[in-house]
Amino acid sequence: MPSDVTTALGRLLTEPALRGQWRRDPAAVARALEADVASLDPDELEHQAETLLEKRFHEAAKLLPRTMAALGGRAERLFRDHAARYWPEGHRRHADDAIAFGRGLLERRLPHSRSELNRLRFAMGDDRFSLGFVDDAWVGGRARRALQILYRRRGAVRSLALYLGM
Amino acid sequence: MRRLVGVGYRRELARWIAARPAEIGCLEITAEHFFDRDLDAVRALRRDYPLFVHGLGLSLGTPGPIDRATLDAYARVVEAADPLYITEHAAFTRTRDVDLGHLNPVAPTLESVRLLADHAREVMDRCGRPMLLENIASHLRLRGALPEPEFLNRLCDAAGCGLLLDVANLYVNSRNHRFDPAAWIDAIEPRNVAQLHVVGYSERGGRWHDAHAEPIQAELFDLTRRILERSPVRGVIVERDENIPAPEELAAELSALEAVHAV
């Protein structure tokens with residue numbers, strides 16, 4: 001039945017532990033999922049799951065380039081940890097994904113770009129104006145502490161950074 | 001009937017597109033990119049170009065009703081665009097539990113044909129436009145009774161829709177799953193193919209990908225020519241999403257596709 005296969009595939013593609021069980025005993029997992037997924041090719045399934053994650057990471061990296069640069073070699077592993085716990089929904093999913101990832105970094109006090117995250121959150125919200133202190137505003141070719149001012153003009157997000165010389 | 005060659009609308013290309021270069025004969029807009037935007041932007045594009053509206057998130061292969069909010073938003077973009085065709089994928093992006101965010105294959109069975117056809121007819125009824133369904137690239141193949149070309153032929157018949165044939169997706173699948181793409185094309189009912197997507201494929205680690213990041217390679221021009229010799233294709237869209245080249249480079253690619261048309 002397509003309904004069973006679609007739902008079962010969704011779980012197999014998003015739950016690494018379930019894929020592990022399926023690799024060990026595909027018939028048992030297929031019975032548990034009540035779907036005809038026992039005959040899938042293990043490598044193909046893994047490639048498909050990997051592709052979904054790669055695409056999410058790629059889109060998040062486009063939205064948070066400075067954050068990813070700040071994380072360096074840890075960026076992909078940290079994103080995968082985040083991605084295993086959270087699947088965004090809807091047409092704003094890439095931005096929601098990037099914001100949730102950034103929020104997790106903030107909470108865990110891991111490297112991130114506060115000004116970049118502020119800008120993305122502002123862009124996805126409805127506020128017309130936002131103010132906040134950041135320590136990584138890009139001023140004069142380097143990151144500085146500044147007052148970040150975000151606003152909308154003709155539908156586009158604009159930002160100003162008032163450099164305080166601190 | 002004049003065939004149209006154009007590009008997928010991307011913000012990076014907006015200035016070039018607004019200048020109405022001779023090489024761009026039509027545009028494809030991605031519906032989801034305009035869900036949160038003022039639709040006057042779509043109406044402005046419509047004034048300058050024939051449009052195709054392409055969907056990513058209707059998830060026609062998901063059993064159960066189509067997500068109402070997504071269909072309403074899609075229909076609003078269609079109304080503003082007044083397109084030649086509306087398009088989506090013969091695939092699913094969502095299940096009842098999770099939004100996977102990207103395209104996944106449906107089993108090539110008669111049940112899937114019925115499900116996709118029912119959903120495609122619902123979208124056509126809602127939008128009042130003819131619809132084309134696109135073949136996807138997928139690392140994963142599902143078992144089913146029907147070879148993919150027969151599955152797509154039956155789907156077009158059952159839904160009363162046409163085919164948006166993605167040449168790169170076909171090529172990528174043919175490499176990853178080891179089949180002859182020319183034979184695949186020959187098995188497709190020619191009258192079904194109304195639009196093409198073309199973009200270069202990517203290869204890494206012995207796997208082929210539809211990254212939408214490369215110039216069109218010679219093998220893809222050959223496959224495009226084969227399709228155009230057989231089918232009444234109305235539009236050919238270059239679908240770059242990454243490494244978007246300078247306008248002159250893209251213009252040269254469009255001219256090369258025009259030359260394929262002329263053959």
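**Close-up 1. A salt bridge between Glu242(B) and Lys62(A) in the predicted model.** Glu242(B) pairs with Lys62(A) in a salt bridge whose closest N and O atoms are 2.9 Å apart, in a structure that is a predicted model. Across the interface of chain B and chain A, five salt bridges are found by the rule.

**Close-up 2. The interface of chain B and chain A.** Contacts join 31 residues of chain B to 33 residues of chain A, and the two chains bury about 2,800 Å² between them, 57% of it on carbon and sulfur atoms. Of the area that chain B buries against chain A, 21% is supplied by Asp99(B), His102(B) and Leu140(B), more than by any other three residues.

**Close-up 3. Helix 8 of chain B.** Helix 8 of chain B spans residues 218-230, and its 13 residues reach 19 Å from the first C-alpha to the last, close to the 18 Å expected at 1.5 Å a residue. Its buried residues are Leu220(B), Phe221(B), Leu223(B), Thr224(B), Ile227(B) and Leu228(B). Seen down the axis of helix 8 of chain B, these buried residues fall within an arc of 165°, so they line one face of the helix. On the other side of this helix, Ala218(B) and Glu229(B) are exposed.

**Close-up 4. The cysteines Cys156(B) and Cys161(B).** Over all chains, a search of the whole structure finds zero disulfides. Cys156(B) is in no disulfide, and its nearest cysteine sulfur, that of Cys161(B), is 4.5 Å away, whereas a disulfide would need the two sulfur atoms to be within 2.5 Å. Cys156(B) counts as buried at 5% relative accessibility, and Cys161(B) likewise counts as buried, at 9%.

Definitions and conventions:
Residues numbered from 1 in each chain as written. Chains lettered and ligands numbered in written order. Predicted model: local features only at pLDDT ≥ 70, side-chain atom pairs only at ≥ 80, totals over all residues. Heavy atoms only, no water. Helix = DSSP H or I, 4+ residues; strand = E, 2+ residues; numbered from the N terminus. Expected span 1.5 Å × (residues − 1). Buried < 20%, exposed > 50% of the residue type's maximum accessible area, 1.4 Å probe, protein only. Arc of directions from axis to C-beta. Contact = heavy atoms within 4.5 Å. Buried area = accessible area lost by both parts, 1.4 Å probe. Salt bridge = Lys/Arg side-chain N within 4 Å of Asp/Glu carboxyl O.
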